[in-house]
Every structure is written in structure tokens, then in C-alpha cells.
Amino acid sequence: REHRAMFVALEQAIIEERTVQFRYNKTNGDTRVRSVVEPYKLINQKGIWYLAAWDDGKLKSFAISRVAALLVDETTFVPRQHVNEELANSDGIWLGSERHRVLIQVSSQVAAYFRRRNLLPNQMIEKETVGGGILVSTTVVHSDEVLPIIRYWIPHVRIVEPLQYQQLLVQGLTDYLKQTA
């Protein structure tokens, strides 16, 4: 409810192509004032609303719940074509021009779930493997886009490439087990 007025103001700023300013409370407790931000789109990701906006030379996403003191400026901006294209091609809130491919081996025991609907952002089934498994690819900006999903499906999935993502996954699990031992 408290965010409704902000949501309406952001929608209007997007429609009218007006820049905005706000205070952003980061997860680490740091607060930063963002000024001359170009709002492009409101995105709902798993029940949480985000603002996709051009800020400080890059496309970023801001959690609406962390935005305070919103001001809609009188200044208008000309939408950047590449930003609209990136938003049209993105499945979520992880925004950035440097996307890279992740290849995941999925066992036959859970392959049907990955066939039924996209469980990963930008998911593509690459090929069927012997025994009923599948190879699935995704394109991501950051490892956090895919690692939590992979952890959920362990032991039925494995990251084939890039190798450093599989290593990050194993290291995270090893650290967890050390803490609980």
C-alpha cells in the first residue's frame, strides 16, 4: 500500500519519459541518492517489483521496496533503443549487456519439469541425452541468476560450462557443510 503512490508515479514517469530521482537503500545498509535516472519498465519477479532504469551509464534494476523519496522531474529523456531491446530480450531483473551462456546437464528423473516450463531464465533445451536426460542452456548476466535454481535441483543437475560456475556451486555447498558440522 505504501508503495502504491510510488508505483503510480513511476508508471507515469515511464509513460511520459521523465527522469526521476530517489534515495536507494541497498541490501548492505548503504544508502545512495540516485539522480537523473531514466525509468523504462516495472518488472514483477516472483512477487517483488523492480524498476528497470538507465542510471550512471548502465541499465540497472532497483527493488521498489528499497526506493524512498521519489521525485519525478520535469525533464524528459529520449528512450535508448538498445535498452528497450535488452528489456524485450530479458526474462528477469538481471540486466546488463554482458550476458554469457551456461550449459546444464539435467538427469532423466527431473527432465520433464524442465521440458514442461522454463525453470531457468532464457532457458533453451539444447539436446536430449542417452537415458532421457537433457542439456539445457541459459544466458545470464550474473551467477546468482542461476546458482540458487541449480541448488534446488541437486543432485539431478550439474553445470557443464562455464566450469567456474560449477566450482562456485561446489565451494558454496562445501562452505555450508563446514558451518553445519
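Mentor: Let's begin with a term: a salt bridge is a side-chain nitrogen of Lys or Arg within 4 Å of a carboxyl oxygen of Asp or Glu. Before we use it, note that this is a predicted model, in which local features need pLDDT of at least 70 and side-chain atom pairs count only at pLDDT 80 or more, while totals for chains, interfaces and linings use all residues. Residues are numbered from 1 along each chain as its sequence is written, and side-chain values use heavy atoms, with hydrogens and water left out.

Trainee: How many salt bridges does the structure hold?

Mentor: There are nine salt bridges. Glu16, Arg18 and Glu74 are linked in a network of them. Within it, Glu16 meets Arg18 at 2.8 Å, N to O, and Glu74 meets Arg18 at 3.8 Å, N to O. The pair of Glu74 in strand E5 and Arg18 in strand E1 links distant parts of the chain, 56 residues apart. Helices (H or I, at least four residues) and strands (E, at least two) are DSSP runs, numbered from the N terminus.

Trainee: Is Glu74 buried or exposed?

Mentor: Here is the scale: buried means under 20% relative accessible area, exposed over 50%, and partly exposed in between (1.4 Å probe, protein chains only). Glu74 has 67% relative accessibility, so it counts as exposed. Glu16, with a relative accessible area of 34%, is partly exposed.

Trainee: What is the order of the strands in the open sheet of five?

Mentor: First, the rule: two strands pair if DSSP finds at least two bridges between them. The order here is E4-E3-E2-E1-E5, with antiparallel pairing. Strand E4 (58-63) and strand E5 (67-76) stand at the edges with a single partner strand each, so one side of each has no neighbour in the sheet. Further in, strand E2 (residues 31-45) pairs with strand E3 (residues 48-55) over seven bridges in the antiparallel sense. Along that pairing, Pro39 stands opposite Ala53 in E3.

Trainee: Which strands does helix H1 lie across?

Mentor: Helix H1 (residues 4-16) lies across strand E1 (18-25), E2, E3 and E5, and runs at about 90° to E2. For such angles, axes are lines fitted to C-alpha atoms, for helices over the stretch in contact, and angles run from 0 to 180 degrees between N-to-C directions. Contact means heavy atoms within 4.5 Å.

Trainee: And how should I read a nonpolar core?

Mentor: In soluble globular proteins, nonpolar side chains tend to be buried together. A nonpolar core is a set of buried Ala, Val, Leu, Ile, Met, Phe, Trp, Tyr and Cys residues joined through side-chain atoms within 4.5 Å. The largest one here has 20 residues, of which Ile104, Val106, Phe114 and Ile159 touch the most other members. Among the elements that give two or more residues to this core are strand E6 (100-106), strand E8 (134-140) and helix H4 (147-153). H4 gives the most, with four residues. A second, separate core of 18 residues includes Met6, Val20, Ala53 and Phe62.

Trainee: Where is Arg80, and which residues does Arg80 touch?

Mentor: Arg80 lies in the loop between E5 and helix H2 (81-89). Not counting residues up to four places away in sequence, Arg80 touches Glu38, Tyr40 and Trp54. The side chains of Arg80 and Glu38 are joined by a polar contact of 3.0 Å. A polar contact is a pair of N or O atoms within 3.5 Å; within protein, one must be able to donate a hydrogen and the other to accept it, and residues adjacent in sequence count only if both atoms are side-chain atoms.
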